[in-house]
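Welcome! Take a look at it first, and then read on.

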Amino acid sequence: MLFLWLVAVLRGVSGEAETLVEEPGPDLWYWSIFKGSNRGAGWSHPSTASPTYKVCDIAKDITKEPKNWLLTDFIDIKNAKRLDIEVTFSLRNCPLAEVGPFCRTSFSLYSYHTDVKPVAGPDPTKPGVKFQKEIVIIPETLPAPDQFTTDTFYGSVVTKGKGIYFAFLDQGSCVTIISFAVKYRFCSERGATLVRFPRTVAPANDINLTKQEGECTDPNSRQRLNKKLFGVCLSNGEWNITDNSACFCNYGYELANGSSDSLACKECQIGFYKDTVDNTKCLLCPTNSASNAGRTGCICKEGYYRSSDRTDCEELPKAPLMANATVVKATAVEISWQRSPDDLDDGELIYAVDCFRCTSSEDKNCDEQCNLNVQYSPSKENISGVDVVINGLPSSSYFLFRVYSVNELNRQEQNRDVWNFAEVFVKTKVSTIHPTEGETDLLAYMYTVSKPEQARVALYTNGTEVLSTIFNAKGTTHLDWFSQKNLIQSSWTDLKNATYILPFHIDGRFGVRNFEIDAHDGG
């Protein structure tokens, strides 16, 4: 059964609609006119001067109720389930005088549906031709007697069959049909953000809706978690999308306006990147970097590095200001330096040392790494101080030492040649057969580095300690710790109060070996 809803709110319903009929069109519209009685003039066809249908059989000499029919052309409904109807009309209220007894302020809308288009339109005046009465159309507000009002009627008809006719029945009104339109609603292919569903005719109501499967519209978008996209087309022509049925722009693409006011995934601009699958905007690359080919991240410019994807690209820490070398003995060298300008004494910058062997004093390339047996004190890497002693070097040889400034950025660059460094060239001493060559200088250095609290001198016989002396070494140097005033305890009980102290000696393999420790002879 066909029926019509009078729903003024249809004017604001969202969704898309296709127009099946819209009159008047570019040409004069010509519908069929039928009279159910011989009373009155009936409907008049449009003309160039007045492109509307009119009827006004209200004269007082009309003694029988008029029945004036106006039939539309056949309308192919294109599988529409419900038709939206829009009628704009002008109606004259009945005059107070010189008016017939059948004057009305309304007219009626009828429908006739069929599966086959007939050769000629159905005649509503013939017996057996059944038109369905849909509604009586009345203006929202009646004007004063003998005055006109213009109004628009909005309604909808649920259909059966493949086609339909509409008919207007006048029974004594003075009315003009200004325009007539029939549309149906459908859910377009664009359902949700970046989601396309098949074009679907809107149902007559929102009961027993059919689920449709969609797909991502943009080749640079994808579904999350590989879930299928589902939605249902509502009667108002809008898609009701299932939760989580959405598509998102891929890595390196952002959601932006495309052609024809649609949304699309656009590649990030040069200098921007996006490392997530979502519909957020691309981000500006950090300072001193540029986006990679896929716009999925940023690459630091040459000579710049960064510790994480979210930090700016920076240069490696500046080199130590100066490096110095002191030859301690034939096989040992002390390297010292001044801190880098980037060393803020916050523990984030440390130092490292590399040793290279040179072929001669003229060799400045020095690309041969030192022997692995070379020892570094306190260490070769992760040095927080400003000096290191290198032991185990060949005597009378040439070396190049590099002192690098190191922080977390250096981890991004494996080539140490690129690191910033200070360097110094060194030649070790010539080795001699004297068994104590250079020992005094080395002991002096180690004393300064270790900062002892006490100094102890012990004498042994056949590996057994027989005599010892302990000194207070706090605040002393290698030149003044061995003094009577610093004496704490001694096997020689008279040392504390002695007024004159002689050096001692031991007979050794190469003659007498003197052990004298005082400031006058270099301590």
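**Disulfides and a sheet**

There are 10 disulfides in this structure. Please keep in mind that the model is a predicted one.

**The link between Cys187 and Cys233**

- Cys187 and Cys233 are joined by a disulfide, with 2.0 Å from S to S.
- This pair connects distant parts of the chain, 46 residues apart: Cys187 belongs to strand S12 (residues 174-187), and Cys233 to strand S18 (residues 229-233).
- Because the torsion about the S-S bond of Cys187 and Cys233 is about 90°, this disulfide is right-handed.
- Are its two ends buried or exposed? Cys187 is buried, at a relative accessible area of 0%, and Cys233 is buried too, at 5%.

**The link between Cys216 and Cys247**

- A disulfide also connects Cys216 with Cys247, and its S to S distance is 2.0 Å.
- Cys216 sits in strand S16 (residues 211-216) and Cys247 in strand S20 (residues 247-249), so this link ties together parts of the chain that are 31 residues apart in sequence.
- The link of Cys216 and Cys247 is left-handed, with -90° about the S-S bond.
- Cys216 and Cys247 are both buried.

**The link between Cys249 and Cys265**

- Cys249 is joined to Cys265 by a disulfide, at 2.2 Å from S to S.
- Since Cys249 is in strand S20 and Cys265 is in strand S22 (residues 263-267), the pair ties together parts that lie 16 residues apart in sequence.
- Which hand does this disulfide of Cys249 and Cys265 have? The torsion about its S-S bond is about -90°, so the disulfide is left-handed.
- Both cysteines of this pair, Cys249 and Cys265, are buried.

**A sheet of 4 strands**

- Now for the sheet: 4 strands form an open sheet in the order S30-S29-S33-S34, and their pairing is antiparallel.
- Strand S30 (368-369) and strand S34 (421-427) are at the edges and have a single partner strand each, so one side of each has no neighbour in the sheet.
- How many bridges join strand S33 to S34? Strand S33 (residues 398-406) runs antiparallel to S34, and 7 bridges join the two.

Note on methods. Residues numbered from 1 in each chain as written. Predicted model: local features only at pLDDT ≥ 70, side-chain atom pairs only at ≥ 80, totals over all residues. Heavy atoms only, no water. Pairing = 2+ DSSP bridges. Disulfide = S-S within 2.5 Å. Buried < 20%, exposed > 50% of the residue type's maximum accessible area, 1.4 Å probe, protein only.
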